[in-house]
Amino acid sequence: MRRVALAPFNDPQADFVIQTQRTNTMFRVSLAILAQASSFFRQVESQRKQNPGLRDYEHLDVAESDATIETILRFIYPVADPVVQDLDDVCDAYQASVQYKFDYVAKRLREFMLSPRFMDNEPVRVYAIARRFGLAEETNIAARHVLRFPPNWPAYEEFDHISGRAYHELLTLHKNRGRKLVEFLHSFHLKEKITCMKCCPREATAALPRRQPEWWQIYVQQATPLLLDSPANEDIFSLEFILKVAIEAGITCSMCCTSIMQAAQPGGAIAILKEGLASKPFDLVVSM
C-alpha cells in the first residue's frame, strides 16, 4: 500500500516522485529543485527533456528510509532544516547525499557530525564514521575530542565499517599523546611561582636546583595517571583538584598555602602548565 509523505513533499502538482522501498512512501517533489542541488538529478532532468514521457525520468525508487529522504529534502527545500537527533541518522543521510551527489547537503551533514551534541558525548563514533567515508578533517577533529575519554570504548557498530588499522591508529594516538603530555608535566618547573622557603629552604643553584614543594610533587603524582588515561583531561586544572591535592599533602605552613593560591590563580603556574600542555604539537591521524 502506497502512502504520501507529509507537506511540503505531498504536492499533487509535483513533476517527480521519490518512493522509498521500505514503506512505499511517495515524496512528490520538484525535479527543478532537485536538479539545482544535485548533479545526479541534473542528469535526470536532462535525460527527461530528451525523452519526454518516460516514467524512468519521473519516478525513482530508493532503498533509503523515509527519515533519510526527508532529511535531505529539508536541506534543499526552502523550509526549516531537519532536526537530526542521532548519529545513525546523520550517517544514513550523509551516505545517501554522497550517492545522489547532493554536495551542499553532504557539507551540512559533515558540520552536524562536528556539532557539540555529538562531539561532546560520542567523538569515537564520529571518528569511525569519518574514517569510513574518508573525511580527513573530520577524522582529526574527532580524534582530538576522543582524547577527553579513556580508551575503554564500547564495541560501537561503527567499528564494523572501518579497518583494524584505523582503530589501532586511534589507540596509538591516544597512548602517544598521553605519554608526551606526561613527559612535559614531569619536566615542568616554575621555581619563581612554585616555591616555599619553609619546605624548600635551600637556595637554588645551577648544579642543585631547588626541590619542588611537597604539594606540587603530589599534584604531579596524581595528575600523571589522569593524563595517561585521558590526555585532554581538564579536571587537573580545576580548583577542586588542586584543593584535593592540598588536603592530601597535609599543608600546614602559610607559605605553602600561599604557594598553592598563587599557582591556582589566573596566570599562575597551573594556567601556564595548561597552556604548555595544549601547545604540544598534535599528531594527525590522517594527513590533510
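Residues are numbered from 1 along each chain as its sequence is written. Because the model is predicted, local features need pLDDT of at least 70 and side-chain atom pairs count only at pLDDT 80 or more, while totals for chains, interfaces and linings use all residues; side-chain values use heavy atoms, with hydrogens and water left out.

The chain holds 13 helices and four strands. These elements are DSSP runs, numbered from the N terminus: helices are H or I with at least four residues, and strands are E with at least two. Of the 288 residues in the chain, 43% are buried. Buried means under 20% relative accessible area, exposed over 50%, and partly exposed in between, with a 1.4 Å probe and protein chains only. Contact means heavy atoms within 4.5 Å. Among contacts with a separation of 6 or more, 62% join residues 24 or more positions apart.

The largest nonpolar core has 54 residues. Such a core is a set of buried Ala, Val, Leu, Ile, Met, Phe, Trp, Tyr and Cys residues joined through side-chain atoms within 4.5 Å. Phe16, Ile18, Val29, Leu34, Phe41 and Leu73 have the most contacts inside the largest core. Leu73 touches Phe9, Phe27, Val29 and Leu34, leaving aside residues up to four places away in sequence. In soluble globular proteins, nonpolar side chains tend to be buried together.

Val17 lies in strand E2 (residues 16–20). Val17 counts as buried because its relative accessibility is 11%. With residues up to four places away in sequence not counted, Val17 touches Met26, Phe27, Arg28, Glu58, His59 and Leu60. Val17 and Asp61 are 44 residues apart in sequence, yet their C-alpha atoms are 8.4 Å apart in space.

One cavity of 30 Å³ or more was counted. Cavities and pockets were found on a 1 Å grid over the protein atoms alone. A cavity is a set of points where a 1.4 Å probe fits but cannot get out; a pocket is an open set with protein on both sides within 12 Å along at least five of seven lines. Lining residues have an atom within 4 Å of a point. Grid points are joined across faces, edges and corners, and a volume is the space filled by probe spheres set on the points.

The largest cavity has a volume of about 70 Å³. Its lining consists of Ile18, Leu34, Phe41, Leu60, Val62, Ile69, Ile72, Leu73, Tyr100 and Phe102. H3 gives the most, with three. By class, the lining has 10 nonpolar, no polar and no charged residues. Ala, Val, Leu, Ile, Met, Phe, Trp, Tyr, Cys and Pro count as nonpolar, Asp, Glu, Lys and Arg as charged, and the others, Gly among them, as polar.

The largest pocket holds about 310 Å³ of space. It is lined by 16 residues, of which Arg177, Pro231, Ala232, Glu234 and Ala278 are the closest to its centre. Helices H8 (136–146), H9 (164–187) and H13 (269–278) each give two or more residues to the lining. H13 gives the most, with three residues. The lining of the largest pocket divides into nine nonpolar, two polar and five charged residues.

His174 lies in helix H9. At 2% relative accessibility, His174 counts as buried. Not counting residues up to four places away in sequence, its contacts include Val146, Trp153, Leu228, Asp229 and Pro231.

The model has 17 aromatic pairs. Rings of Phe, Tyr and Trp (its six-membered ring) pair if their centres lie within 6.5 Å; planes under 30 degrees apart count as stacked, over 60 as edge-to-face and the rest as tilted. Phe41 and Tyr100 form a tilted pair, at 6.3 Å centre to centre and 35 degrees between the planes. Phe41 lies in helix H2 (residues 39–50) and Tyr100 in the loop between helix H4 (87–99) and helix H5 (103–113), so the pair ties together parts that are 59 residues apart in sequence. Both Phe41 and Tyr100 are buried.

Trp216 and Tyr219 are stacked because their ring centres are 5.0 Å apart and their planes at 10 degrees. Both lie in helix H10 (residues 214–229), three residues apart, so about one helical turn separates them. Trp216 and Tyr219 are buried. One aromatic cluster is formed by Phe184, Phe188, Trp215, Trp216, Tyr219 and Phe241.
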